[in-house]
Amino acid sequence: MAKYFDVHPDNPQRRSIGQIVDLVRSGGLIAYPTDSCFALGCQLGNKEGLERIKTIRQLDDRHHFTLVCHDFAQLGQFVYLSNTVFRAVKASTPGPYTFILPATKEVPRRLMHAKKKTVGVRIPDHVATRAILAELGEPLLSSTLLMPGEEEPMTQGWEIKEALDHVVDAVIDSGDCGTEPTTVLDFSEDEAEVIREGAGDLARFGLA
């Protein structure tokens, strides 16, 4: 059965954050809230966690996984950014955007897009999740919690606990979170290509 953490949305309890991070470091898979919607997350090097996410979501090898980062400095360790892309990404983080960018050698090959050698990165604007990321000290390997055949992600902690009780190790509930997935922009060729229009405003990129 999954552990259920009720985390304060404005002042996350340090004890709870520590327990969640310990669980992630010991190989756990968590369902956690962001500013766009819930996501599934595990430690970067957790091969079993990656396979569990693929199984839950029924994903193939073409899926772009996302490295959810605490801040821009951390994001810059895992992707290459030209000066133009650097400015665009920096100006819109933290926020409900996922950016597809060329991966650095810090990213395990199995997390990259098989042909393009790219990976998704984002910095969420969510207090509890940023507290988890700060304590963890590295990105969470993540994917939107969108179940096979469903058009909209689950947004309630209790609902996720009920549905995924035996396939995740913890559910983090921190009050209201976003109800729409991130806007996904592919910047791998320097020009922004909209992969998915979601919670993030495209106008700031001149694409609306």
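Strand S9 (residues 183-186) and strand S10 are antiparallel and are joined by three bridges; within this pair, Val184 stands opposite Arg196 in S10. Strands here are DSSP runs of type E with at least two residues, helices are runs of H or I with at least four residues, and both are numbered from the N terminus. Two strands are said to pair if DSSP finds at least two bridges between them. The model is predicted: local features need pLDDT of at least 70 and side-chain atom pairs count only at pLDDT 80 or more, whereas totals for chains, interfaces and linings use all residues. Residues are numbered from 1 along each chain as its sequence is written, and side-chain values use heavy atoms, with hydrogens and water left out.

In general, strands of a sheet pair through backbone hydrogen bonds, either parallel or antiparallel.

With strand S4 (residues 66-68), S6 pairs in the parallel sense over three bridges, and Val68 stands opposite Arg122. With strand S5 (residues 97-102), S6 runs antiparallel over four bridges, and Pro102 stands opposite Thr118. Five of the five residues of S6 are buried, a term that means under 20% relative accessible area, with exposed over 50% and partly exposed in between (1.4 Å probe, protein chains only). Thr118, Gly120 and Arg122 lie on one side of S6 and Val119 and Val121 on the other, and both faces are covered.

The interior may be considered next. A nonpolar core is a set of buried Ala, Val, Leu, Ile, Met, Phe, Trp, Tyr and Cys residues joined through side-chain atoms within 4.5 Å. The largest has 42 residues, and Leu40, Leu67 and Phe99 have the most contacts inside it. Elements that each supply at least two residues of this core include strand S3 (39-43), helix H2 (47-57), S5 and S6. A second, separate core of 18 residues includes Val21, Leu133, Leu136 and Leu140. Contact means heavy atoms within 4.5 Å, and among the residues that Phe99 touches are Val119, Gly120, Val121 and Phe205.

In helix H5 (residues 127-136), the buried residues are Ala128, Thr129, Ile132, Leu133 and Leu136. They cover an arc of only 135° around the axis, and therefore lie on the same side of H5; the arc is that of the directions from the helix axis to the C-beta atoms. An α-helix has 3.6 residues a turn, so residues three or four places apart point the same way. The cover over the buried residues of H5 includes helix H1 (14-25), strand S2 (30-32), S4 and strand S7 (140-144). Just after H5, Gly137 takes a positive phi of about 80°.

Finally, Asp201 is found in the segment after S10. Asp201 is partly exposed, with a relative accessible area of 46%.
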